[in-house]
Amino acid sequence: MKKLVFPPVSRPDVTIVMVTFGAPKWVRRSLRAVIDYTEPCYEVVVVDNCSPRGMAATMARELSNARLIPNPVNRGFGPACNQGANVARGSMLLFLNSDAIVHPGWLSFLREAIESRPRVAAVAPRLLNLDGTLQEAGALLFGNGVTQFYGFGDDPEGRQYRFQREVDYASAACLLVRRPAFFEVGGFDAIYAPAYYEDVDLCLSLSERGYRILYEPRALVTHARGASSSSTLAVRLWQRNHPLFFERWKDRLRSRPEYTPPDGNPRLQIAARDAPATARILVAAEDETGARDLMKGLARQYPDSVRTIVFGGAATDREVTDRLAVEGWEVADAPAIAKRSFHYDAVVFHGENARALFGRVVDEAQPQAAHLSSDAPDLAGALATAGIPPGDFAGGPAA
């Protein structure tokens, strides 16, 4: 079989760590996509967890310019990832599942997100299922310790999935992490081996140190899920590790909403999605063009907040929503806001007709929020009174 030849990089910025256990066709397909769709700024470390039928020996023959670590026993996902991290030369670690297929530009988008903000320690992409539906737009964490893929099975192009935001955690199927921050928290905890909850635990440990975890939707990765394990085993491992995770993080979990199934209460879903944010700001604007300065100012002054905007005009086409998504703005509509009852901390009306357009839905769905005007003499002071202090995404611990 033709060799998989990775670019020789003397000083890699990123170390891609892949843990393997069987499923050789998926492993090859995943590594092939890395070669095809990744700029030469990386090295590859493959840790094989005692795959059957001589798979490690086969990989040793077929991989060029990659490091292979063959384990004599299956050490589990987290410990094997730690092995790869221990020999990494890059300042950033990219954990990639052996059944994850990257898309063009994926790593550039992840690096842009993590490098532009020193407090961001980890970034995850938008994950797709094999049929092209959405698998995960970041993950949700509920008060009982149960986790959930946000948007599973939905249209991945939905506006609610296409803006960058902070998350409690994201799956280690594809996760870019600053190497110093990873070692600062001790890497993946072996208590969860062989698998499940180690990525949730890692992200919460990072956030406890003052770091941020981001979801970057411009980066796309297709994830087959379970190519090297059975669903029965997955359920058993989840049942084993859930109590361990809950006991460790129960104090933190008290601030998270009550669990609801994926097809359950929309209000609880959106509450879990936005739970990591320091504040939730809704802008109701007459049109997008007139609100540009306001949006730029709010994004600059309140970077740790979730920021949603609704427009009165037809300014919600793909070009507009994508441009605003890069700036961390979610573009929504009145029906979506109506379902998010008691969700926002403040609503800022912009434009002469904004109240006429959105006053009713805001009054009914967000009566608890501070209702403010963008031309208020001291908007920042009014937001502070509403419990929304300015943030500083550039501050905090740098890795």
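Q: Into which class does aspartate 13 fall, buried, exposed or partly exposed?
A: This is a predicted model, in which local features need pLDDT of at least 70 and side-chain atom pairs count only at pLDDT 80 or more, whereas totals for chains, interfaces and linings use all residues. Residues are numbered from 1 along each chain as its sequence is written, and side-chain values use heavy atoms, with hydrogens and water left out. Buried means under 20% relative accessible area and exposed over 50%, with partly exposed in between (1.4 Å probe, protein chains only). Because its relative accessibility is 32%, aspartate 13 counts as partly exposed.

Q: Which residue meets the side chain of aspartate 13 in a salt bridge?
A: A salt bridge requires a side-chain nitrogen of Lys or Arg within 4 Å of a carboxyl oxygen of Asp or Glu, and here the N to O distance is 3.3 Å.

Q: Where does arginine 126 lie, and where does its salt-bridge partner glutamate 157 lie?
A: The side chains of arginine 126 and glutamate 157 meet at 3.4 Å, N to O. Arginine 126 is buried at 5% relative accessible area, while glutamate 157, at 31%, is partly exposed. Helices (H or I, at least four residues) and strands (E, at least two) are DSSP runs, numbered from the N terminus. The pair ties together parts 31 residues apart in sequence, so arginine 126 is placed in strand β8 and glutamate 157 in the loop between β11 (147-149) and β12.

Q: Which residue of β14 stands opposite arginine 126?
A: Two strands pair if DSSP finds at least two bridges between them, and eight bridges join strand β8 (residues 120-128) to β14 in a parallel arrangement. Strand β14 (residues 212-223) is mostly covered, with ten of its twelve residues buried. Opposite arginine 126 stands leucine 220.

Q: How far apart are the end C-alpha atoms of helix α12?
A: The expected span of a helix is 1.5 Å times one less than its number of residues. The twelve residues of α12 (residues 354-365) should therefore span 16 Å, which agrees with the distance between the end C-alpha atoms, 16 Å.
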